Amino acid sequence: MTPANPIAPAAEATPPKPRRWVGPWALLGPSGLWLLLLLVLPVLVIFELSLVPGIRPGDLVNPSGIDNYLLVFQPVYLQVIGRTLSYAIGTTIICLLLGFPVAYWLALMSPKRWQNLLLVAFTLPLWTSSLLRSYAWITILRPTGVLNSLLGAIGLPGLDILNQTPAVLLGMAYSFLPYMVLILYSSLEKLDRRLLEAAADLGATPIEAFWKVTVPQSLQGIAAGSLLVAITSLGDFVNPELLGGASSMTASRLIYNQFLGATQNWGFGSALSMLMILAVSLGIALLIRYGDGRPAA
Amino acid sequence: MSQTAVRASQAIETDTQLDVELRKVFKVYNGETAVRGVDLHIGRGEFFSILGPSGCGKTTTLRLVAGFEQPSAGEVLVRGQSMLNVPPYQRPVNTVFQSYALFGHMSIWDNVAFGLRIKRCGKAETEERVNEALALVKMEKFARRYPNQLSGGQQQRVALARALVNRPAVLLLDEPLGALDLKLRKEMQMELSTLHRELGLTFVMVTHDQEEALSLSDRISVMNEGRVEQIGSPSEIYESPRTPFVADFIGDTNLFRGRVSEFDRTGSAIVTDNGLKLVATPSGDWAGSVGEAAAVSVRPEKVQVSLYPPDLSVNCFEGRLQNVMYLGTHVHYVVELRSGDRLTVMQVNVGGELPALNTPIYAYWSTADALAMSAA
């Protein structure tokens, strides 16, 4: 790096101002170039493609309107978008309901010296490929799978949920639960237990203290965890594709079909992609605004 | 001082009306005994302090009254009712926490209203009582603010209001002024004292600050290593310490340890320690016996120093001046006696030249100023 002296000697005639900028640029350059070539440019290309109706591989790019975006409003596609959103919301609710007790126990009740080990154990699934995890669920959930063998062994009727909505929600909740637990844990761990004592001192039963102190105090964590899980669920492809079957078409699967599947409509796929990018960006903006520990108002 | 003494004796007289009672209370944590057989009888309307160094069990004792801890043995009573298995949220006491523990997600008004809302107080009554409590601590103007917008002293007032609004039988204060700077602490001490007088409520305060305990309390319980060393009015604690620990912890003192060798005609105990023969007055109603381990406490301000031998037969020792510190109003001397004992002396500065280091010097005091107590 070029040494840049921020305090220029008085004798120097030309101000060293331009040279001061070399440092930051040198540091940001490589990653900036990376982002420009592999994120910004492709997004711009996708945006251009999204303005061409019915484009297929090999066609000339000739931007001519927003027809692709209007196509989204057809009932069949609105249904797909609705399903995508409901999967994201459903996964978030499941993760919150399952994750909060776990995070609460980890942060406030588990033995201190086991805490780190337990946290690692909970994030262990994240260390394997999401594809492998989904295949594991297939072996568990298929009609002759592990689940039905177990149910049969204890005399219960088998379940046929593979290729249905419950399997998708199960797979997505399983995949994203660790994120929820980690974020809720870091929020609950900061909870000042003396506040719970103060609540008890003022007459609140443990349950009242939970709703009036613990939950409001960890609201930031709940918001951050929920947004993160919702954003990730929105763009999930593997779980709906492998566990969902034909009936659970989601936005990401639809996009895949426009580019690599049978349909081959790059223009419509690009328009859908732009909408997804917009939705996820909005979620991330919300996450930055409300999920970073600053008061919301 | 005389006023507090009068109030202290009143509190002892109204012994039938006890607000807080601890009977032979023990608390063991993971094999360590934090509280060892504490007996306390706190009268209605008393300002009672539990004073001691950190780790002496004073905060644990307060938490046993609040209900955050359950005694391992013994009994805690509030207004004559056993608190065995009574959870904190059902006890008629409220606590002002050292850290204030205000709810950051609630406005000041909501913080103070918390207890009343839990108890399902009517809307009108809640409003009236919250406003009254905020007015009591002069925080009405801050009702709509949030805790993180207030200074430490202001948060302290809110914590007080939040506890007082519930009209508890007993107000527990855990090092309430510990986090404030000196000037604010003095101010809040005055306000605590005024509040106590106006409300006539029983205050039980934990503190490690002896000055705070002495200036505010009707009675003080001095604790050390989980035990109560002495209970008494501030003047009793300061002027008639029962144990060497109390003598040493409350104010500065010079402690000599030894054994009772004999009693003279005036009843003064004579104790010797590495060759020193001290004539002392029994502290309080201590009646030692010959051969008993004893300690003698002499306050630095009661010791006189002189370059010439004074005309005294007892409690006069020769030594060397080891250190002199000029403090303006006072002069602080350290004298090493021939016996090897080191003596701290605090004298009012009367002007004149200070003696040089290593000057042979005589230190002496009156028998009345030397207090003898059991060192068992």
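How many residues does the contact take from chain A and from chain B? Keep that in mind for the last view; the model shown is predicted, with local features needing pLDDT of at least 70, side-chain atom pairs counting only at pLDDT 80 or more, and totals for chains, interfaces and linings using all residues. Residues are numbered from 1 along each chain as its sequence is written, while chains are lettered from A and ligands numbered from 1 in the order in which they are written.

**View 1. An open sheet in chain B, built from 6 strands.** The order is β6-β7-β8-β3-β9-β10, with mixed pairing. Strands here are DSSP runs (E, at least two residues; helices are H or I, at least four), numbered from the N terminus, and two strands pair if DSSP finds at least two bridges between them. At the edges sit β6 (93-96) and β10 (227-232) of chain B, each pairing on one side only.

View 2. B:V93 has B:V170 as its bridge partner, and B:T95 has B:L172. B:V93 and B:T95 point one way from β6(B), B:N94 and B:V96 the other way, and all are buried (20 or more other C-beta atoms within 10 Å of the residue's own, C-beta atoms being placed from the backbone).

**View 3. Where chain A touches chain B.** Back to our question: the contact takes 15 residues from chain A and 16 residues from chain B, counting residues whose C-beta atoms, placed from the backbone, lie within 7 Å. On the chain A side, α9 (193-201) and α10 (206-217) each supply at least two residues, and α9(A) gives the largest share, 6 residues.

Notes: Buried ≥ 20, exposed ≤ 12 C-beta atoms within 10 Å, placed from the backbone. Contact = placed C-beta atoms within 7 Å.
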